[in-house]
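Subject: Structure for you to look at, with notes

Dear colleague,

Here is the structure I promised to pass on, with my notes set out below it.

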Amino acid sequence: MKMPSALFAVSAAILLAAPSVVSAQMPNWSKEQMEVWEVVSESWADDVAKNGKWPEAYADEQMVAWEADFPIPRSKASIAKWSRFYDSQGKTLQYEISPVAIAVSGNTAVANYMAVMVTQRADDKPEREVIGITETLVRTGNRWKYLATSGFNMKK
């Protein structure tokens, strides 16, 4: 399962300096903000579908992820390896992602959002998680790709 991670200091700096910031309460998103949210939404759908597109189709080659369950940031190859392992261990029964803020400055975007997931491993009881996520994306050509991702449990 995708458990995103990014550098919060960089994210905060970009959020403060960015000319366009969108929040869940702001209905007028820019074209770039909509493109970023579309990539985030598509990546979640592909991850949950276990079709092998996450992270390969979405991650920059230099992508790093850092979550509470790992002692150091991980590379794209490690993210893919662990995604395949988690895919084999259980399934996502339901999820919903909601944007909190998206900042875009040039070819860099920071997406802050919340995810609510219900997952189940084998015959275990389903587990509900609420996660805050910050992801940094970079525009390469005409497509946004993940450069860094970080997530934190918001407690049930």
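By nonpolar core I mean a set of buried Ala, Val, Leu, Ile, Met, Phe, Trp, Tyr and Cys residues joined through side-chain atoms within 4.5 Å; buried means under 20% relative accessible area, exposed over 50%, and partly exposed in between, with a 1.4 Å probe and protein chains only. As general background, nonpolar side chains tend to be buried together in soluble globular proteins.

Before going further, please note that this is a predicted model, in which local features need pLDDT of at least 70 and side-chain atom pairs count only at pLDDT 80 or more, whereas totals for chains, interfaces and linings use all residues. Residues are numbered from 1 along each chain as its sequence is written, and side-chain values use heavy atoms, with hydrogens and water left out.

On the overall layout, the protein chain has 3 helices and 7 strands, and along the sequence they follow the pattern α-β-α-β-β-α-β-β-β-β. Helices (H or I, at least four residues) and strands (E, at least two) are DSSP runs, numbered from the N terminus. Of the 156 residues of the chain, 44% count as buried, and the chain exposes about 8300 Å², of which carbon and sulfur atoms supply 58% (Shrake-Rupley method with a 1.4 Å probe; for residues, only the protein chains shown count as cover). Among contacts (heavy atoms within 4.5 Å) between residues at least 6 apart in sequence, 61% join residues at least 24 apart.

Turning to charged pairs, the structure holds 7 salt bridges, each being a side-chain nitrogen of Lys or Arg within 4 Å of a carboxyl oxygen of Asp or Glu. One of them joins the side chains of Arg139 and Glu35, at 3.9 Å from N to O; Arg139 lies in strand 6 and Glu35 in helix 2, so the pair ties together parts that are 104 residues apart in sequence. Arg139 is partly exposed, with a relative accessible area of 25%, and Glu35 likewise counts as partly exposed at 25%. These two residues also belong to a network of salt bridges that links Lys31, Glu35 and Arg139.

A further salt bridge is formed by the side chains of Arg84 and Glu56, at 3.4 Å from N to O, and this pair links distant parts of the chain, with Arg84 in helix 3 (residues 76-89) and Glu56 in the loop between helix 2 and strand 2, 28 residues apart. Arg84 is partly exposed at 30% relative accessible area, as is Glu56 at 38%. In the salt bridge between Lys76 and Glu61, the closest N and O atoms are 2.7 Å apart, and the pair links helix 3, which holds Lys76, to strand 2, which holds Glu61, 15 residues apart.

A cis peptide bond, with omega about 0 degrees, joins Trp54 and Pro55, and Pro55 is placed in the loop between helix 2 and strand 2. Lys50 lies in the loop between helix 2 and strand 2 and has a positive phi, near 55 degrees, in a residue other than glycine. Ala122, in the loop between strand 5 and strand 6, has a positive phi near 50 degrees and counts as exposed at 63% relative accessibility.

Finally, on confidence, the mean pLDDT (the predictor's confidence in each residue, from 0 to 100) of the chain is 85, and 82% of its residues reach 70 or more.
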